[in-house]
Amino acid sequence: MASVDIREVRKSFGPVEVLHGVSVPISDGEFVVLVGPSGCGKSTLLRMLAGLENITSGEIAISGRVVNHVHPKERDIAMVFQNYALYPHMTVAQNMGFSLKLRGTDKATIGERVDRAAEILGLKPLLERFPRQLSGGQRQRVAMGRAIVRDPQVFLFDEPLSNLDAKLRVAMRTEIKELHQRLRTTTVYVTHDQIEAMTMADKIVVMHDGIVEQMGAPLDLYDHPQNTFVAGFIGSPAMNFIPGRIKANGSLSVEVAGGALLPLAQAPASSDGRPVTYGVRPEHLELSDEGVEAEVVVIEPTGSETQVFVRLADQEVCAVFRERHELRPGQKVRLRPRADAAKIFDPETGHRL
């Protein structure tokens with residue numbers, strides 16, 4: 001196992017800079033997820049950590065050793081790609097042990113390591129099969145097994161579940177988390193799926209346009225987003241954003257279009273009349289006679305909960321209810337946000353106030 005330090009790393013492709021001084025400390029044995037939309041630089045950063053991309057400036061250190069100019073095979077890392085990249089003419093056992101064979105490891109040691117990895121991943125009955133005889137989930141486990149047999153200091157995962165169906169993604173998510181809990185190997189995992197990030201990570205690093213917007217424990221990012229980007233990206237459905245102005249005379253609230261008042265627990269001093277973006281998560285909206293009038297637009301039952309999209313203060317807003325309500329499109333309802341859960345943001349910078 002090893003710690004990883006990414007310090008002020010920049011990456012340029014010609015005149016275009018795609019990473020702008022990214023710094024991410026990763027502790028020994030930590031499971032860190034890099035998450036963000038396509039093009040944010042997360043896969044580029046992972047490839048630089050693996051040695052597959054050159055670093056324009058900054059440093060990457062593994063166990064205190066700067067690896068900027070160290071060959072990938074000498075970094076003692078193992079990478080699992082979105083594409084399984086299995087050799088079709090080799091059996092599962094041969095695929096898993098191939099990297100050790102290239103190193104000149106003796107057959108007995110290869111056999112022991114392959115058997116150990118196969119036991120961990122439930123691949124023992126499949127060792128003599130070829131990739132074409134495996135399902136997508138089984139192939140992904142073989143790719144993970146190939147990484148495990150190397151016993152690396154760091155595991156790198158580059159969107160490994162993107163090619164799987166929804167049910168299998170959930171199952172593999174659990175398997176990867178269980179694997180980490182068993183091996184405690186430092187892991188860096190890249191995904192654009194914030195649900196994967198929330199459920200798997202010890203620490204999430206949210207990236208956007210080549211910078212780190214925020215990093216921290218999953219629930220810290222969910223409960224205390226630093227800006228509207230993180231608030232809107234972490235959480236499904238996303239946080240609702242409604243423009244308005246702080247009204248501090250009397251009870252504290254935010255006045256939105258149509259004169260409706262949305263409750264607020266706290267605001268900066270002397271902020272009466274200040275323009276803000278009012279943020280509230282869908283599960284923090286409740287039906288109440290004391291709420292703000294809204295018109296139901298779309299109802300989406302998912303089984304355990306119901307997502308209801310309404311028109312409120314000239315904005316489309318999503319509310320999530322675990323209770324069963326008899327609602328229909330066009331119906332007028334009253335919604336009240338939880339004041340203690342609401343956030344306010346600067347409309348220009350997007351930073352939380």
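The buried residues of helix α4 (residues 136–148) are G137, Q138, Q140, R141, V142, A143, M144, G145, R146, A147 and I148, where buried means under 20% relative accessible area with a 1.4 Å probe, protein chains only. The model is predicted, with local features requiring pLDDT of at least 70 and side-chain atom pairs pLDDT 80 or more, while totals for chains, interfaces and linings use all residues. Residues are numbered from 1 along each chain as its sequence is written, and side-chain values use heavy atoms, without hydrogens and water.

Because 11 of its 13 residues are buried, α4 is largely enclosed by the rest of the structure. Its cover includes β6 (77–80), α2, α3, β7 (154–158) and α5 (166–183); helices here are DSSP runs (H or I) of at least four residues, and strands (E) of at least two.

One of these neighbours, α3, has an axis that comes within 9 Å of that of α4 and crosses it at roughly 135 degrees. In their contact (heavy atoms within 4.5 Å), R116, A117 and L121 of α3 meet R141, M144, G145 and I148 of α4. These residues comprise 4 nonpolar, 1 polar and 2 charged.

Helix α3 (residues 107–121) also packs with helix α2 (residues 92–103), their axes coming within 9 Å and crossing at roughly 135 degrees. Here A93, M96, G97, L100 and K101 of α2 meet I110, R113, V114, A117 and A118 of α3. This contact divides into 7 nonpolar, 1 polar and 2 charged residues.

Note on methods: Axes are lines fitted to C-alpha atoms, for helices over the stretch in contact, and angles run from 0 to 180 degrees between N-to-C directions. Ala, Val, Leu, Ile, Met, Phe, Trp, Tyr, Cys and Pro count as nonpolar, Asp, Glu, Lys and Arg as charged, and the others, Gly among them, as polar. The expected span of a helix is 1.5 Å times one less than its number of residues. Buried means under 20% relative accessible area, exposed over 50%, partly exposed in between (1.4 Å probe, protein chains only).
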